[in-house]
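User: I would like to go through this model and check what each label rests on. Could you set the values against their definitions for me?

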Amino acid sequence: MSNHNDGITPSPRPSVTSLDPRINRLDLHRTKEGEQTNSHLITWEVFHQEKRGKQPVHAGIVHASTPEMAMLFAKEQYARRGKTTNLWVVKTSDVFTFSYDDEDIFETTPEKTFRDPAFYRVRERIEAYQAKNKIQ
Amino acid sequence: MNNEAIKDLLYKMADDALVIGHRNSEWTGIGPMLEEDLAFSSMAQDKVGHAQALYQILHDALGEKTPDELAFQREEKDFKCCQLVELPIGEYDFSLIRHFLFDHAELIRYDMLTASTFLPLAQLARKVKGEIKYHVMHADTFLKQLAHGTQESTARMQSSLDYAMPYALGIFEKSEYEDVLIGDGVFAGENKLQEKWLEKVGAIVTTAGLKMPDVPDSKIIYGGRKGYHSKFLEPLLDEMTEVTQIDPNAEW
């Protein structure tokens, strides 16, 4: 098998040329326009959990063929900085959503301020009590 | 404790990490897919970080030159890396197999070193074990995936494994200080490491449906630990030090 490039023999005519000698050495071929190189891979939704007990927060997607591969990639893409305790990956096709055409079902929610605890008059009494007893 | 023995151990570990880190970073920007490009580059960066930490111990605890000088201003013959890490990246199957074989040895070595009587090394070992655990997880997942992939991927993995194994066994080349390191409790020794490694690697390779190559002792590629290298190290060092050679004393 000739798959071990000896690193010395120059490639005859690299179809991708670069200022970086490492890239020229690899004798790469350009992807044809419109060609989807990842089309055989499905996507996975990644959720990032900062601390135990905290809710995992959606961080983004990765392309992968298996859950194990998705977790490998999720670790490097979404746990590169800051603290991480765990990651979840879920097949994108396993996530069910509303249609944006139905967005009107949520339309009046912002008006329903009575659902906000601050709406109630008792709030003023709580604040007065907190001020009197110096509670933050 | 024998300082020359400890230096020898630190140099070979640091040089292995620097050279494989540099080699694997050659995939940056041209990896098989975006996610894997990022993961492989990140691990390469970790390796260079391990080299830096080991050179720092050589400097702080053993009076050697600074990490930059050790990395960029030594002659090829002064490097103690094994020849496995010097080989060109080849195609991705070879880079993955090398990563698999090398990182399993690293994980076991650092695990053994957590009990070292040389405290700076024991502390470093405890610190980096988690990073290397991920590297091994990555290698094992890819090996399993590709060994069970298509006929071509299985054949490529086996062919690269056969090619890499005589070099991989060279990781465990013993130095003249072997007995001193064991006696002082610095490191439990290359024989012990090789034994554990063969057991671990053999089990994973077999489970993946590949065949463990049978390498006779006479075919193992030794020399790296004593400064005898393949033809690939010199060009690698020239490229790696190209910028520092312009002005070795420049302030960064």
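## Labels and what they rest on

Analyst: Gladly! Let us start at the end of chain A: helix 3 of chain A is followed by Lys134(A), whose phi is positive, near 50°. This is a predicted model, in which local features need pLDDT of at least 70, side-chain atom pairs count only at pLDDT 80 or more, and totals for chains, interfaces and linings use all residues. Residues are numbered from 1 along each chain as its sequence is written, while chains are lettered from A and ligands numbered from 1 in the order in which they are written.

User: What makes the phi of Lys134(A) worth a remark?

Analyst: Most residues other than glycine have a negative phi. Lys134(A) has a positive value near 50° and is a residue other than glycine. Its place is the segment after helix 3 of chain A.

User: Is Lys134(A) buried or exposed, and how do you know?

Analyst: A residue is buried if 20 or more other C-beta atoms (placed from the backbone) lie within 10 Å of its own, exposed if 12 or fewer, and partly exposed in between. Lys134(A) has 6 such atoms within 10 Å, so it is exposed.

User: Why is helix 3 of chain A said to lie largely in the open?

Analyst: Helix 3 covers residues 122–132 of chain A, and of these 11 residues the number buried is 0, so the helix lies largely in the open. In chain A as a whole, 10% of the 136 residues count as buried.

User: How many helices and strands does chain A have, and in what order do they run?

Analyst: Chain A has 3 helices and 3 strands, arranged α-β-β-α-β-α from the N terminus on. Both kinds of element are DSSP runs numbered from the N terminus (helices are H or I with at least four residues, strands E with at least two).

User: How do you know which strands pair in the chain A sheet?

Analyst: Two strands pair if DSSP finds at least two bridges between them. Strand 1 (residues 42–49) and strand 2 (residues 57–64) of chain A run antiparallel and are joined by 7 bridges, with Ile42(A) opposite Ala64(A). Strand 1 also has 6 bridges to strand 3 (residues 86–91) of chain A, again antiparallel. There, Val46(A) stands opposite Val89(A), and Glu45(A) has Val90(A) as its bridge partner.

User: What makes strand 2 and strand 3 of chain A edge strands?

Analyst: The open sheet of 3 strands has the order 2-1-3 in chain A. Strand 2 and strand 3 each pair on one side only, and that makes them the edges. Neighbouring strands of this sheet are turned by 30° against each other on average, direction ignored.

User: Which helix lies across this sheet?

Analyst: Helix 2 (residues 67–78) of chain A lies across strand 1, strand 2 and strand 3, and runs at about 125° to strand 2 of chain A. Angles run from 0 to 180 degrees between N-to-C directions, and axes are lines fitted to C-alpha atoms, for helices over the stretch in contact. A contact means C-beta atoms, placed from the backbone, within 7 Å.

User: Now chain B. Why are helix 5 and helix 6 of chain B called oblique?

Analyst: Helix 5 (residues 119–147) and helix 6 (residues 151–168) of chain B pack at about 130°, with their axes 7 Å apart. Angles under 35 degrees count as roughly parallel, over 145 as roughly antiparallel, 65 to 115 as roughly perpendicular and the rest as oblique. Helix 5 and helix 6 of chain B are therefore oblique to each other. The contact is made by Leu143(B), Leu146(B) and Ala147(B) on helix 5 and by Ser153(B), Thr154(B) and Met157(B) on helix 6 of chain B.

User: What is chain B built from?

Analyst: Chain B holds 10 helices and 0 strands.

User: How do you know whether the radius of gyration of chain B agrees with a compact globule?

Analyst: The rule is 2.2 Å times the number of residues to the power 0.38, with the radius taken over C-alpha atoms. For 252 residues a compact globule would be near 18 Å, and chain B has 18 Å, so the two agree. Its C-alpha trace spans about 55 × 45 × 35 Å along the principal axes, and buried residues make up 40% of chain B.

Note on methods
Two residues are in contact if their C-beta atoms, placed from the backbone, lie within 7 Å.
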